[in-house]
Amino acid sequence: MTLTRKRVLVTGGAGFLGSHLCERLLRDGHDVLCVDNYFTGRKDNIAHLIGDPHFEAMRHDITFPLYVEVDEIYNLACPASPVHYQYDPVQTTKTSVIGAINLLGLAKRVGAKIMQASTSEVYGDPTLHPQSEDYRGNVNPLGPRACYDEGKRCAETLFFDYLRQHRTRIKVARIFNTYGPRMHPDDGRVVSNFIMQALRGEDITLYGDGRQTRAFCYVDDLIEGFIRLMATDDGVTGPMNLGNPHEIAIAELANRIIRLTNSRSRIIRRDLPQDDPLQRCPDIGLAQRLLSWEPHVELDDGLIRTIDYFDRMLVEGGEKAESAAN
């Protein structure tokens with residue numbers, strides 16, 4: 001626990017990543033203000049924190065200005081899965097761009113350090129593998145994913161313009177595929193999709209030929225990266241990749257989840273969505289050098305914890321899972 005209690009604002013704090021971050025900050029001895037409009041965030045994710053005297057939850061949309069006094073800001077507010085960010089693409093772009101302007105203005109006014117949760121989506125469908133921070137990406141600015149990809153790219157631009165113009169203390173983290181308990185069960189992401197389908201005994205939907213790869217980072221490892229990045233001196237701004245550099249084919253992921261859930265689900269194939277990248281894997285050399293950080297949770301261990309979470313969710317919701325995790 002730190003000897004200096006900070007006032008920390010977490011936007012998107014009731015979401016998957018945000019709730020884990022709030023938990024970690026409280027454990028480290030800080031006062032935490034969780035802000036969320038509950039579009040994809042859920043009160044259940046933070047219900048266990050409500051009784052903590054150092055935790056406060058506020059319903060607020062960051063596309064409107066926020067007036068609070070804080071020492072640090074983690075900006076995690078934005079729907080992050082295609083099914084959610086494509087539901088209202090204009091609002092998704094507003095959240096990334098106008099939200100960044102509002103929070104950077106807040107950081108400038110109160111002198112707070114601010115971290116932007118950016119994304120590997122800024123690399124688009126990469127032509128370089130693995131992706132390092134100096135790669136400028138291959139993004140389609142007119143496609144259905146552009147509201148998220150370009151919104152996050154513009155947010156990064158704003159962060160570095162505030163650094164140059166106003167000397168705002170910034171950090172930019174580029175998050176690669178992260179999974180774990182409290183993922184939204186209907187977010188359309190591959191891990192949550194496969195687990196929910198396997199637990200229900202439904203067909204597992206595999207898009208494309210299954211040879212496309214991803215590298216999955218367990219949520220606890222990612223949050224540790226956030227904390228270490230925020231703790232660096234002002235000269236370390238990023239952007240910095242945070243993710244797992246070990247790839248796995250999507251077809252192998254599906255088979256692994258079937259095995260871990262003892263499911264009888266069959267794999268069926270569908271066409272690959274537009275602009276869905278074939279490879280996504282981070283070069284984390286910068287994080288290793290500057291943060292002494294790398295993921296430690298093995299994929300099977302993280303999947304078992306995530307399966308247990310979704311299994312409990314099904315039981316609590318009155319839905320009996322067909323198969324249970326080992």
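**A partly exposed asparagine and its surroundings**

Asn 262 is partly exposed, with a relative accessible area of 48% (buried means under 20%, exposed over 50%, and partly exposed in between, using a 1.4 Å probe and protein chains only). Asn 262 lies in the loop between helix 7 and strand 13 (267–270), and its phi is near 55 degrees, a positive value in a residue other than glycine. Helices (H or I, at least four residues) and strands (E, at least two) are DSSP runs, numbered from the N terminus.

The model is predicted, so local features need pLDDT of at least 70 and side-chain atom pairs count only at pLDDT 80 or more, while totals for chains, interfaces and linings use all residues. Residues are numbered from 1 along each chain as its sequence is written, and side-chain values use heavy atoms, with hydrogens and water left out.

Stepping back to the whole chain, there are 9 helices and 13 strands. The radius of gyration, taken over C-alpha atoms, is compared here with a globule rule of 2.2 Å times the number of residues to the power 0.38. For 326 residues, a compact globule would have a value near 20 Å, and the 19 Å of the protein chain agrees with this. Along the principal axes, the C-alpha atoms fill a box of roughly 55 × 45 × 40 Å. Of the 326 residues, 57% count as buried. Contact means heavy atoms within 4.5 Å; among contacts with a separation of 6 or more, 81% are between residues 24 or more positions apart.

Just after helix 5 comes Gly 201, with a positive phi of about 75 degrees.

Another buried residue is Val 219, at 0% relative accessibility, located in helix 6 (residues 219–230). Beyond its neighbours within four places in sequence, Val 219 is in contact with Phe 16, Leu 17, His 20, Thr 178, Tyr 179, Gly 180 and Pro 181. The C-alpha atoms of Val 219 and Pro 295 are separated by 9.6 Å, although these residues are 76 residues apart along the chain.

The peptide bond from His 129 to Pro 130 is cis, with omega near -10 degrees, and Pro 130 belongs to the loop between strand 5 (113–119) and helix 4 (146–166). A cis peptide bond also joins Gly 238 and Pro 239, with omega about 5 degrees. Pro 239 is placed in the loop between helix 6 and strand 11 (240–242).

Finally, a search of the whole structure finds 0 disulfides (a disulfide is a pair of cysteine sulfur atoms within 2.5 Å). The sulfur of Cys 22 has its closest cysteine sulfur in Cys 34, and at 4.4 Å the two are too far apart for a bond. Cys 281 is in no disulfide either, as the nearest cysteine sulfur, that of Cys 217, is 11 Å away. Cys 22 is buried at 0% relative accessible area, and Cys 281 counts as buried at 3% relative accessibility.
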